[in-house]
Amino acid sequence: MRGILLLYDPEPARLKDRATLIRDLGHNLDAVSHMDAVEYLLDRKEFDLALLAGSGPKILSMLRLIKREHAHTEVVIAPDRPTVEEAVDAIKDGAFHYLPEAFRAEPLELMVQKALEKRMLVIEVQELRDL
């Protein structure tokens, strides 16, 4: 299952490496390093999954924005400095997953597939309710 993904990472070198990893998994990806670009893309396109790198209030506010504007978009947070408090807040605010460690190909691929499967199931349930 291939998806349309959004990757935000404020560090350009890390963004490039992560984007390559995700594209190598076969996904359609928009990769950006500025929060303004995330908002711009969200206004114009629907994503299956958003991968947000970074920590702190800005990441959590971006998560809330995505879930408010695109409820079916799954969100994964890859923090710079993971904390239990931020993980709890992220999950409460609707994050699909909070990665406690760096991106690695195998766990990332499995996590992306699970997020895409969940998104498809949520959409199918909504379509059945609309019948």
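**Exercise 1. Strand 3**

Which residues point one way from strand 3 and which the other way, and are they buried or exposed?

*Solution.* The model is predicted: local features need pLDDT of at least 70, side-chain atom pairs count only at pLDDT 80 or more, and totals for chains, interfaces and linings use all residues. Residues are numbered from 1 along each chain as its sequence is written, and side-chain values use heavy atoms, with hydrogens and water left out.

Step 1. Helices (H or I, at least four residues) and strands (E, at least two) are DSSP runs, numbered from the N terminus. Buried means under 20% relative accessible area, exposed over 50%, and partly exposed in between, with a 1.4 Å probe and protein chains only.

Step 2. In a regular strand the side chains alternate between the two faces of the sheet. From strand 3, Leu49, Leu51 and Ala53 point one way, while Ala50 and Leu52 point the other way; all are buried.

Step 3. Since five of the five residues of strand 3 (residues 49–53) are buried, the strand is largely enclosed by the rest of the structure.

**Exercise 2. The sheet**

Determine the strand order and the edges of the sheet.

*Solution.* Step 1. Two strands pair if DSSP finds at least two bridges between them. Strand 1 (residues 4–8) runs parallel to strand 3 and is joined to it by four bridges; Tyr8 stands opposite Leu52 in strand 3.

Step 1. Strand 3 also pairs with strand 4 in the parallel sense, over five bridges, and Ala50 has Val75 of strand 4 as its bridge partner. From strand 3 the chain crosses through helix 3 to strand 4, a right-handed β-α-β crossover (with the strands pointing away from the viewer, the path from the first strand over the helix to the second runs clockwise).

Step 2. The open sheet consists of five strands in the order 2-1-3-4-5, with parallel pairing. Strand 2 (28–32) and strand 5 (97–98) stand at the edges with a single partner strand each, so one side of each has no neighbour in the sheet.

**Exercise 3. Helix 1**

*Solution.* Step 1. Helix 1 (residues 12–24) has 13 residues and reaches 18 Å from its first C-alpha to its last, close to the 18 Å expected at 1.5 Å a residue (the expected span is 1.5 Å times one less than the number of residues).

Step 1. The buried residues of helix 1 are Leu15, Arg18, Ala19 and Ile22. Seen down the helix axis, they fall within an arc of 105°, so they line one face of helix 1; the arc is that of the directions from the helix axis to the C-beta atoms.

Step 2. The face turned away from the buried side of helix 1 carries the exposed residues Ala13, Lys16, Asp17 and Asp24. Just after helix 1, Gly26 takes a positive phi of about 95°.

**Exercise 4. Thr73**

*Solution.* Step 1. Thr73 lies in the loop between helix 3 (57–69) and strand 4 (74–78). Its relative accessibility is 1%, so Thr73 counts as buried.

Step 1. Contact means heavy atoms within 4.5 Å. Leaving aside residues up to four places away in sequence, Thr73 touches Phe47, Asp48, Leu49, Ala50, Ile66, Lys67 and Arg119.

Step 2. The side chain of Thr73 reaches the backbone oxygen of Phe47 at 2.7 Å.

Note on methods: Polar contact = N/O pair within 3.5 Å; in protein donor to acceptor, adjacent residues only side chain to side chain.
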